Amino acid sequence: MAAAPPSPSRPIALVVFLENVGHISGLALPGWLMALIDWSTEEYAKLLLRLYGAYRCYDRVIVLEDAAATGPRLVESLLQASQSHTVDLLLLAHGQKGVIVGHRGQERVGPETFSLLQQIRSQSPARLALRVVYGLNCYGLSLAGQWLALGAQSVNGAVGVNWFPEPSLSVFLRCWLHGAPFSVAVARSYAAANRWGRLLSRSQQLEPPWIRSSQQVVVGVRDVTVHTRLPEAAGQES
């Protein structure tokens, strides 16, 4: 009897939700400075994606920034990409408990967005094919259960306010896009942030509150690398 053919694998897309807003926690900044921070940090993030090879590793890259950084556009992009690709999601935005902060700090990606995605996936699991979700958003861990319920294989999240978007992002992208497992890339990025935090606090023993707050936790059902091609069925598991 002939062996059954292997399960087909899907190409992989990266959706980037990118909105800095120009806000720095605890500081009241003038509008012009917030606009400058917003623009420069977003351009920096896009430069990192190109520098470390996101456009070589992924079959498709979709960037949602400025007016496109909203819940409806995120839903639309995830569903559209899932028609033909397995999808990784990169959250480069501020956050609150249970919420991602979108366009100009006025848009909120929260319960309405997750409820809609869950409803769609419950009716047809194949319509949403998430693989990993990496986020710099504050309180990202509060959303981990939502992403897992939507089928993500691995998710990270900060336990509180994330004071170290850098070096976290650059270290994560360098490790992840060069083939490190998701959990390893996240652990290395947090270790780098931890070192920065200790240098800034001039403490090698005590763990300052901002380091504890920025702690990254990884949860999931499967550890993957950027090169892992999941069978069709794997992207549909809950």
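Helix α3 (residues 71–82) and helix α4 (residues 111–123) have axes that come within 10 Å and cross at roughly 25°, the axes being lines fitted to C-alpha atoms over the stretch in contact, with angles running from 0 to 180 degrees between N-to-C directions. Because angles under 35 degrees count as roughly parallel, α3 and α4 are roughly parallel to each other. In their contact, defined by heavy atoms within 4.5 Å, Gly71, Val75, Leu78 and Leu79 of α3 meet Thr113, Leu116, Leu117 and Ile120 of α4. The residues of this contact divide into 6 nonpolar, 2 polar and no charged, where Ala, Val, Leu, Ile, Met, Phe, Trp, Tyr, Cys and Pro count as nonpolar, Asp, Glu, Lys and Arg as charged, and the others, Gly among them, as polar.

This is a predicted model, in which local features need pLDDT of at least 70 and side-chain atom pairs count only at pLDDT 80 or more, while totals for chains, interfaces and linings use all residues. Residues are numbered from 1 along each chain as its sequence is written, and side-chain values use heavy atoms, with hydrogens and water left out.

The largest cavity has about 80 Å³ of space, a volume being the space filled by probe spheres set on the grid points, which are joined across faces, edges and corners. Its lining, made of residues with an atom within 4 Å of a point, comprises 13 residues, of which Leu14, Tyr58, Leu90, Phe172 and Trp176 lie nearest the centre. This lining divides into 12 nonpolar, no polar and 1 charged.

Two backbone features remain. The peptide bond from Glu166 to Pro167 is cis, with omega near 10°, and Asp66, although not a glycine, has a positive phi of about 55°.

Key: 1 Å grid on protein atoms, 1.4 Å probe; cavity = no way out; pocket = protein on both sides within 12 Å on 5 of 7 lines; lining within 4 Å. Helix = DSSP H or I, 4+ residues; strand = E, 2+ residues; numbered from the N terminus. Parallel < 35°, antiparallel > 145°, perpendicular 65-115°, else oblique.
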